[in-house]
Structure formats: structure tokens, C-alpha cells
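Please examine the sequence and the three-dimensional structure shown below. The explanation that follows begins with a single residue and then turns to the contact between two chains.

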Amino acid sequence: MTRQKRSHHKLKRAVAPYLYLSPSLVIIGLLMLLPMVTVVAYSFQNSAVLRRDPSFAGLKHYQAIYDDPVFWASLWHTLYFTCMSVVFHMTIGMIFALMLNSDRINPTLRNILRVLYILPWLFTAVIIAVIWRLLLEPNGVVNSILMQLGIIGSKVEWFSSPETALHAVTFANIWAGYPLFMVSLLAGLQGIPKDFYEAADIDGAKGYQKLIFITIPQLMPIIISISLLDFIWTMQVFPLIWITTGGGPIYSTEVLSTYTYKLAFSSYNLSQASASAVVILLISLGLTLFYIRYQKAR
Amino acid sequence: MRKRHSPKDRLITVALHVGLAAGLFFAAFPIYWMLSSSFKSNTEIFALPPTILPKAFTLEAYEAILGDPVKLRFFFNSYFVAGAVTVLTVLIALLAAYGFSRFNFRGKGSLNTLIISTQTIPPITLLIPFFGLVVSYGIFDTYVALILTYLVFTLPYAILLMTGYLNTLPRDLDEAVAVDGGSSWTALWRVIVPISLPGIVATSVYTFLLCWNEFLFALTLTKSTSMRTVPIGIQLLMGQHAFEWNQMMAMSVLGSLPLLLIYLIAQRFFLAGMTAGSVK
């Protein structure tokens, strides 16, 4: 190659990556970053979207949210729903992964069960919601079984009484979400070197000691990163609650996303909804920064 | 060494199998109930005591759905939107992943962080500005609105997934093309794409499922019944006839078929896609 040709080639190599990335960057920039700036702008305007020349509102909409008891209730419900979901996703996922990983079960049975245990994960939130509505109908099969077992005396309206609704939606979400942990932990378990357990056997370690001192510490990186992601995603829950309870009864299952949605598309208060959406974004960003730091530290 | 066949050992094995059975009931009963209810008549669904197997097996719920053009349209919309988004996403993500995987350039690290962090942006935050944009550009209640908005959510994952895949491929292959005087563009299409099929399939599967499952944007950015997707269709069924449970279950079964089929046929790709965002 001549020198000129080589420098031309070099220039091409330098520009090429940006060309390859440009379609993605244009889409992310125009349809993700720009809307994020827009939603922040909306939150400082009066009657955003609805008017062509909205006036500046200052922090009015943030103040309105701060003063709204339903917002605080939604925040609390979101936290309860999310924390319980993550803890139980992890616990159930771990128990299932350990059971499936045991050498006491026949390999064929193991494979069949692994496929079946993943099933809840394959269903869309809307379908999960209608399945659980059917199961938990006052005249449904769950009440019927519980009454026959004598656990409950009369029919419980799981989704429509304020005392049980939040627990019921949380339970449905726990059912739907544990397989992510199970699959990840199962992969993690298979990656733990066998020597660790053999060494522990020689030292006469008991089963639970091996679990606490070998298995769990070895799985810790997976547990932490999946928990963080699960937390971020679960916090954004919408369809499950929208279809089962719609946030009710009397706000008892209202979460941040349903609260925001109703402000925007039932009350058409898009400015205040934007303020609420910004608050959700900030919480999410905080958690994401934490997650990225953790991933980089690994 | 573990002593096999001691009474204690046998007890542990029995306890494990009891645990497995309990787990199976927990995981599969709700799904079984959906399936069996879809083959019942609507009166049998709430029969007391509940019938575990349909007493009078009937396909009436499926006939009601498959015979109704309005409901078939939901399926068409879902397939069409998910298919279009998948093709676009895979193409665009492939290019970006190639850039990330095969080049060193200024700002690579921060762009990568940007893409990782966009994965966790709450949909509800983008919904309001999207609504504003979609209305002002006059694309409310169109396929374009859904396709564009879905693209934003599928792209970050697809890029990460494809980059991860391309990083596993040896660089000598595309360097050989460069030595022969071929451009990186030639190397991409002649060498990389043909051997990246597993990665492309995993990315497509994941993207398709993400679109197939989407609810919030479909709910807000479309309005007419002919533009609705399957998840919204199921919800509509609930609003219209509060008691047509067998039809809701049949539609749920039909709406889950793509996922179940992909899962059973291509488990490996499926799991690769589903855990991509979370495990490295």
C-alpha cells in the first residue's frame, strides 16, 4: 500500500465505528434522551401537552405531589411490593435451584422439572393477571381449596378487599418472577468448582455448613446483581396491577406507575404526572448508578 | 464420603422429592388451571366443587375467538408489530455491536455505560413525552407509533446481547478480509453475519418476546379496536363481558403460544436472551 492509501485506510477505520453506531445513537438520542429532557420540562409547565404555549410553573407540581397522601401511599406500596417480590424471588429461586442441582434426583426428572419450573416466566403480565384473577375469584378454586382445608371460614375477596389486595398482587408477582433467579443461580451453582465441596467433605463439614460457607458466598455476585435488576424492574410494575386491581380498592394497591398513569390519562393532569414520572426516573437512576458501579467493581 | 442408603440419607432423598412435588404444584397449577378452564364452558368454570379436568370438554371458547375477525386482528397486530420491530432492532443492533466489538474509539466506554443505563429507564417516564410527541406528529393510533416506541426499549438489550456474542468470535476472521483489502463493511456481511446466526437468533427471540408482551404503550398510544394488540385484547375481553372467563383463558393460551413454542424449540437461545440483561 502507498502511504496515501494507508492514511486513507486509517481514516476510514477511525470514522467507521461512529458510522456503525450512528443509527442506534440517533434512535436513543431522539427517542430516549430527548423525551427525558421533555418530561422534565413538562413537569415545570402549567397544562403541559394540552396547551401550545404553557406557562412556567416552577416547583408547583412537585409540591402538589409532595402534599398528596396518595403519592406517599403509592410509594409505600411500591416499596412493599418490590421488596417482598425480590426477597421471595430470591428465596424461591434459590430453593428450586438447589433442589434441581442435587445429585439425588434422576437426570431425566431434573430436566423435566427444570422446564416446568421456568413456566411462570413465559407468561405475559396481562395473562398472569387474568390467571390470578380467575384463581382468586371469590367463587374460584383457591377459596374452594382453602375452605375445604379449613384454613379460611368464608370466601375471601382477595383482590377487592383493602386488607388483602396488596398481598394478593404481590403474591401473583412472586409467582411470576422467581424463574429469573432460579435460572441464574442454577448456572452459578454449576460453575462452583467441585474441589471446594470435596475439601469440605474431608474436613467433615455438614450439608448446611457447605451451603453457608461455600455455596452462598460463591453465588453472592449473581445474587446481588440479579436482586438489583429485579428491584429496578419490579418497581416499574404496571400491567399486573392495572388488570388485577387497577390500584384499588380505595388506593390500597396504588403504586407509583398506576398513580402516574391515572394523573396523566384519567385526570389529564399531564404536568403533575410528569413531575411524578421524574421522581420515578430519579429513583430508578439512583439504583442504576449503584448497579453499574457494582458491575464495574466486579 | 457420603454414606448412601443409610436411613437418614433415604429420608433426605424423600424430603427432597416432596419438596420438588410441592414446587411443581406451585409453579404449574395456575398454568394448568388456565389451560383446563379454556376447555370448559363458562358455567363449569365456577362449578362447586371445582372440576380439575373439564367435565364437558368443549372448544367453544376457542371457536369464539378464532371465529371473530376483531379478535384475529389483535393477533395480526401483535405479530406484525413484533415482527417489524424485531427486524429493525436486529439490523440496527448488529451494526452497533459490530462497532463496539471490533473497533476502539473515543467515547466507547461512556457510550457503553449509556446503553447499559438506558435499560433501566422506567417506561412510565417516557410514556408522557411519547404521548405528546405521537399526538403532535399525528401518528397516534398507528403502527408507526408502536414500532418506534418499542424500538427504543428493545435496542439497548439487543446491542448488549449482540456485542457479547460478537466478542466471542475470533478477530482473525475479519482481519483476514482486511488483509485482502476488503473493507470492514465487507467483513461484516461476508464473515461476521454468517457465523453470528446463533447470536442473531437469540437477539431476535428476545426482541420479539419483549414486543409481544408490551402493554403500557399499546394501551396508551392506540385507541381503535383494529389497532389493539393481544395483551390489550385480553383486557378488552374482560371489560366487555365480565364473565366470559373461558374466552379470556383461551385467548391467554393462544397469546402464550409463540413464547411456549420458542421456549420448547429453542430453549438455549431463549434462555440466552432472557438472562442477557442480567448475567454476564
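Does A:T170 count as buried or exposed? The structure is a predicted model, and the answer rests on a count of neighbours. A residue is buried if 20 or more other C-beta atoms lie within 10 Å of its own. A:T170 has 23 C-beta neighbours inside 10 Å, and therefore it counts as buried.

This residue belongs to helix α7 of chain A, which comprises residues 165-190. When neighbours within four places in sequence are left aside, A:T170 is in contact with A:F81, A:M84 and A:S85. A:G29, by comparison, lies 141 residues from A:T170 in sequence, and the C-alpha atoms of A:T170 and A:G29 are 35 Å apart in space.

We now turn to the two chains. Their contact involves 69 residues of chain A and 71 residues of chain B. On the side of chain A that touches chain B, helix α1 (residues 3-43) contributes the most, with 15 residues. That side of chain A consists of 53 nonpolar, 14 polar and two charged residues.

One pair of helices shows the contact in detail. The axes of helix α5 (residues 125-135) of chain A and helix α13 (residues 245-265) of chain B come within 10 Å and cross at roughly 145°. The crossing of α5(A) and α13(B) is left-handed. From α5(A), the residues A:I127, A:V130, A:I131 and A:L134 take part; in α13(B) they meet B:W245, B:M248, B:M249, B:S252, B:G255 and B:S256. By class, the residues of this helix contact are seven nonpolar and three polar, with no charged residue.

Terms used
Residues numbered from 1 in each chain as written. Chains lettered and ligands numbered in written order. Predicted model: local features only at pLDDT ≥ 70, side-chain atom pairs only at ≥ 80, totals over all residues. Contact = placed C-beta atoms within 7 Å. Helix = DSSP H or I, 4+ residues; strand = E, 2+ residues; numbered from the N terminus. Nonpolar A, V, L, I, M, F, W, Y, C, P; charged D, E, K, R; others polar. Axes fitted to C-alpha atoms, helices over the stretch in contact; angles between N-to-C directions. Left-handed = near helix turned anticlockwise from the far one by under 90°. Buried ≥ 20, exposed ≤ 12 C-beta atoms within 10 Å, placed from the backbone.
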